[in-house]
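The sequence and the structure are shown below.

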Amino acid sequence: MPGPADLRALRRTSPVDGLRRRRLGPVQVLAQSVSATAPAAAMATAPALGTAGGGTPSVLAYVLATAVVLLVASGVRQFARRMVAPGSLYSFTAKGLGPVPALLGGTALAVGYACLVAASLTGVALYAGALLAGAAGAVPGPAATAAAVVVAGAAVAGCAARGVGLSARLVLALEAASIAVVAAVLLVLVLRAGQVGAPGPVAGDLLALGGGDGVLLAVTAFVGFESACSLGTEARRPLLVVPRAVRWTALGAGGLYVAAALAQAVVLSAVPGPGGTPLADVAAARGGPVLAAALEVGVLASFLACAAGSLTALVRLLFSAGREGVLPAALGRAHPRRATPAVAVAAGGGAAVTVPAVLLLAGADAGELLRGLLVAGTCGYATAYVLVCVAAPVFLHRIGELTAWPVVAGGLGAASLVAVLAAVAGWAGGADRAWPAVTAAAVALGGARAWWLVRRRPAVLAAVGLYDETRREDVLGAGTA
């Protein structure tokens with residue numbers, strides 16, 4: 001039982017006061033990581049987007065990506081078991097490497113979250129258009145596609161502004177149903193491929209990595225798995241629940257993606273040039289419009305859940321930076337009744353909607369835009385993952401808890417992701433391959449902001465790494481003054 005001296009040492013308020021504390025259960029926390037990862041949408045789109053050997057998805061790329069992500073998850077869990085921070089990897093990196101690397105990693109992570117929201121909304125519009133084309137025979141134009149992005153974005157932002165309580169359970173149920181639908185469609189298509197005598201994949205193609213973009217797009221399927229960390233303040237027993245959500249999301253998604261890549265290697269082996277929705281096109285050709293529509297509905301729902309989960313993580317990152325003074329203080333304000341970062345929702349959601357809507361109105365192809373946003377976003381995630389892999393053993397050494405495994409896992413994880421990013425840099429030359437430069441430019445701006453803070457506002461820089469702290473009220477109950 002804590003004594004009077006112990007209680008006096010505790011704060012009356014937490015640095016992240018304003019968020020609704022200790023309300024979310026394990027299922028709701030797991031739902032955050034699962035929805036941000038969007039396994040159903042990734043199962044249907046990522047293997048076909050990153051192809052090797054003339055249209056055959058690389059199974060080896062997904063096996064390696066699973067191993068890399070599990071190494072990253074190990075580093076993330078070292079922090080999540082010891083601290084609670086709505087800024088997640090941004091705050092973790094600060095505790096290990098200091099504020100300047102944290103600002104670089106936080107900027108990269110913000111780009112990752114924002115691009116994933118934008119990509120998910122683009123995916124919603126793309127698959128809604130495919131449904132409309134299948135039902136009415138009318139292909140929506142750029143204005144209609146952009147309008148779909150805006151409508152979906154408004155719905156997602158509205159949910160984020162209201163909170164993540166009951167909606168988290170509904171999102172998890174929706175994602176589970178979407179996974180079941182996509183898995184069932186893949187099974188049917190594999191069986192149909194055998195019946196029509198499709199040639200099947202070549203073994204060498206299954207083991208080809210597809211270059212930097214092939215491996216990067218395999219990693220893309222996992223991004224967001226760590227986002228349960230952003231709900232630590234709002235979760236009950238966060239030091240137990242959050243690390244479990246991170247680990248099981250990475251493991252479960254890896255198993256699903258390897259199986260999906262194997263299935264699509266069979267299904268797409270005879271398809272020479274898949275379009276924007278390749279699996280749906282094959283489903284329509286081999287299974288009829290009903291099968292294609294079922295797949296499109298499942299993927300659309302998964303993309304919508306991904307947008308919601310990614311926006312939830314993005315706004316808590318902006319909230320943390322606003323509280324620290326790194327970004328405008330308004331971003332660090334919480335709604336007095338709903339206890340959500342309402343200003344950050346408006347800012348993050350508005351940016352994530354505006355970019356794809358404007359590009360679509362300018363004539364960008366929705367399928368290519370989806371791919372480009374995923375590449376840019378994953379470059380951001382990969383940069384943040386590298387830094388947290390390096391930060392974990394440094395942090396553990398600082399607190400006297402370092403063992404061999406965090407050093408090995410952090411070194412292998414960081415080296416693997418650096419190799420992927422280096423491979424991407426090798427093919428990022430053409431106009432259609434310029435998306436990684438978007439992430440690089442954003443990280444450079446983060447570096448410039450860090451340099452300015454070092455020179456002009458060092459006190460703000462010293463506050464980077466905001467995390468939740470135990471309050472007297474948490475120990476004695478809500479009635480304590």
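## Crossing of helices 6 and 14

Helix 6 passes helix 14 in a right-handed crossing, a crossing being right-handed if the near helix is turned clockwise from the far one by less than a right angle and left-handed if anticlockwise. The model is predicted: local features need pLDDT of at least 70 and side-chain atom pairs count only at pLDDT 80 or more, while totals for chains, interfaces and linings use all residues. Residues are numbered from 1 along each chain as its sequence is written, and side-chain values use heavy atoms, with hydrogens and water left out. Helices are DSSP runs (H or I, at least four residues), numbered from the N terminus.

The axes of helix 6 (residues 99–136) and helix 14 (residues 342–361) come within 8 Å and cross at roughly 50°; axes are lines fitted to C-alpha atoms over the stretch in contact, and angles run from 0 to 180 degrees between N-to-C directions. Helix 6 is therefore oblique to helix 14, the term for angles that are not under 35 degrees (roughly parallel), over 145 (roughly antiparallel) or 65 to 115 (roughly perpendicular). Helix 6 makes the contact (heavy atoms within 4.5 Å) through Ala114, Val117, Ala118, Leu121 and Thr122, and helix 14 through Ala352, Val353 and Pro356. Of these residues, seven are nonpolar, one is polar and none is charged; Ala, Val, Leu, Ile, Met, Phe, Trp, Tyr, Cys and Pro count as nonpolar, Asp, Glu, Lys and Arg as charged, and the others, Gly among them, as polar.

## Salt bridges

The structure holds four salt bridges, each defined by a side-chain nitrogen of Lys or Arg within 4 Å of a carboxyl oxygen of Asp or Glu. One of them pairs Asp468 with Arg21, with the closest N and O atoms 2.7 Å apart. Asp468 lies in the loop between helix 18 (458–462) and helix 19 (472–476), and Arg21 in the loop between helix 1 (4–9) and helix 2 (26–37), 447 residues apart. Asp468 is buried (under 20% relative accessible area, with exposed over 50% and partly exposed in between; 1.4 Å probe, protein chains only), at 8%, and Arg21 is buried at 10%.

Glu401 forms a salt bridge with Arg82, the closest N and O atoms being 2.8 Å apart. Glu401 is partly exposed at 39%, as is Arg82 at 29%.

Arg316 forms a salt bridge with Glu234, where the closest N and O atoms are 2.9 Å apart. Arg316 belongs to helix 13 (residues 289–324), whereas Glu234 is in the loop between helix 10 (211–220) and helix 11 (238–267), 82 residues away. Both Arg316 and Glu234 are buried. Salt bridges with shared partners also join Arg21, Arg22 and Asp468 into one network.

Technical notes: Helix = DSSP H or I, 4+ residues; strand = E, 2+ residues; numbered from the N terminus.
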